[in-house]
Amino acid sequence: MRRRSTVRLPTAVVVIVVGALVAAMLGRPEAALFTAPWVAVVVLGLAGMSRQPARARVDLVADRIVVGDDVDLRATIEVETPGWVELRPRPEATIWGDERPANERPSVAVADAVTGQGPRRLTYSLPSPIWGTHDVGRLEVTVHEPYGLFERSGLVDEPRRLRVHPRPVDLHRLLAPWLVRRQTGVHESTAVDRGVEFADIRPFESGDSLRDINWRASARSPRLLVSQRHPERSTDVILLLDSFVESGHDVQTVVGLAIEAAVALAESHLSLTDRVGLVELGGVVRWVAPGTGRLQLQRLTDALLGTRLYANATDRDLAVIPPRSLPPRSFVVALSPLLDERFVAALYDLRGGGHDVAVIECRYDPPDPSPDSASPDIAAAAVRLFEAERAVVRDSLAERGIAVGRWRRDEHLDAVLAEITAFRRRVRGSVR
Amino acid sequence: MSSPVDGRLRQSAPVRLTMPVAALAAAALVVVIVGRSAETYPSLAIRVELVAVFLLALGIAVRSERAVAVATAPAMGGLIVATVGSDGIAWGASLLVGCLWYVAVEAGLASIEWGGGLRITPAVLQRRLQEVAVVVAAAAAVGLIGLLVASAAPERSLLVRILLLASVLAGLAAAARHLLAADPPDRTNP
């Protein structure tokens, strides 16, 4: 931290010198008496000034929060002398999702007294940032030394990574996969084996368990009949996130919706012993191999919160992803505004490759044409054309057995899952 | 050690308003005292003091620390004008004016430093008040020493003047030496 004198020191020096000169030249001690407080403040300030440099560090009280929560940070200040400190957080400009100039950003500067005896911990808060991963370790610290003659100021710039989770969405239903693994789980399999759900009745054969005999059906038949059941299996759920920049200025909202849904789905499927993985297809291609458990949820959440949007015109496909991260016959749940052709093409490829695919369309509603615009008719026609193009995309996906549920922020995700489930029930026999 | 600072703490309205009001009140008192103690040119002394008050108020309004500091010049000038032509020495009034003006300047600077959305705790206010009180008490002690020195020597003698200038020069030299010695190169965080 650099020390510099405040306006008090030059003021005091000038006042003292001028007062002494005037008193000496005019023979009026009143001028010298006027300067008495300034003499006192200089003597006391110089006597109390610190010789050791101040130290400061910043720590996050909690490195994970949910959108809407304030960010609590703790600054530890070590100073030699009593005084007061001023903390002015300087987080990155995009933490609140806009590019407001510095003087218009929320002011969160705080000041507190320090005793100069041991480290002093000061807690301050930042207003709730948008979802994502942010660095909030930048803090401007000003230490005001005794009597205000000097101040030390410096910028603490230590990386302090804050993860802001989207608001949790409680799901009451889940999408049932068409394809399952051999491991036991909770999704009903079409295979016939030991399980809970009734599948069919067949004649008793040697080796069948007596517990499987269906006595009610056997009583009406000349032969013994046994019940067959569907086993419960787990599945591999791959969350396919669209991070192509195609949503105009509302991109943050649209991707935010996708991430909100992805976190909710990951949490729900992981709680049901499914393996969940993530593939991000967009400006960059990233993936997290499927896994289970709380640690996997944290891996997925961290990857989702690290999503960045890069404009990229190159072709992207899923061929680069290793099979372990996109297992054959896995259940792919795509989260996308369906605005980028490359992403839609990837969905076709996945379906063609034998994956079970469903899409949650994070709806981007184009702004209503303003009646004041020069050509409202043309603007309205453009909106209709835009909607028509998207309807074509949805129909094309539906033809391939890919269910599309449209989700807007004001709707509950359960309603979208119900819409997708209904479609998948209708087409299950015809497209599998 | 836990801190009482809450980041959501709102700076209380009394703190925001008290400092400028205190500054202007102290400055107004200075005008009154100087006006009363002036014998030869009271109106001129008051006008000069009013310039100081105006500069102080302007500095607080536009958040300029320099303007607040510069206001000290006319404040001292008004006091000197007030003493011109008088035979006696206004010890008490001069010391009182000096202390009041110091309080006005400190309050003005505090209102600037604590403005701009800074949320301060009562501990900061308490510390600054304590420091100002200590300075005023020390100033009284300095004035007393001056009075003793002056009473020991004939009034306005050359010796007193030389002593005064020499002590100021010695003090400034000591302060400069202290400053240079106390500022080693800082290689620590941040």
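**A colleague's note on chain B, with a stop at A:Ser218**

1. Let's start with the order of elements: chain B runs α-α-α-α-α-β-α-α along its sequence. That gives seven helices and one strand in total. Please keep in mind as you read on that this is a predicted model.

2. Next, how chain B is packed. Of its 190 residues, 41% are buried. Where contacts link residues at least 6 apart in sequence, 77% of them join residues at least 24 apart. The chain exposes about 9,700 Å², and 70% of that area comes from carbon and sulfur atoms.

3. Now for confidence. The model as a whole has an ipTM of 0.84 and a pTM of 0.70. Chain B has an average pLDDT of 80, with 79% of its residues at 70 or above. Among the elements of this chain, helix α3 (residues 65–70) of chain B has the highest mean pLDDT, 93, while helix α7 (residues 158–181) of chain B has the lowest, 74.

4. A:Ser218 sits in helix α4 (residues 215–219) of chain A. Is A:Ser218 buried or exposed? A:Ser218 counts as buried because its relative accessible area is 8%, and the cut-off for buried is under 20%. Leaving aside residues up to four places away in sequence, A:Ser218 touches A:Ile213, A:Arg223, A:Leu224 and A:Leu225.

Key:
Residues numbered from 1 in each chain as written. Chains lettered and ligands numbered in written order. Predicted model: local features only at pLDDT ≥ 70, side-chain atom pairs only at ≥ 80, totals over all residues. Heavy atoms only, no water. Helix = DSSP H or I, 4+ residues; strand = E, 2+ residues; numbered from the N terminus. Buried < 20%, exposed > 50% of the residue type's maximum accessible area, 1.4 Å probe, protein only. Contact = heavy atoms within 4.5 Å. Areas by Shrake-Rupley, 256 points an atom, 1.4 Å probe, with all protein chains shown as cover. pLDDT = per-residue confidence, 0-100.
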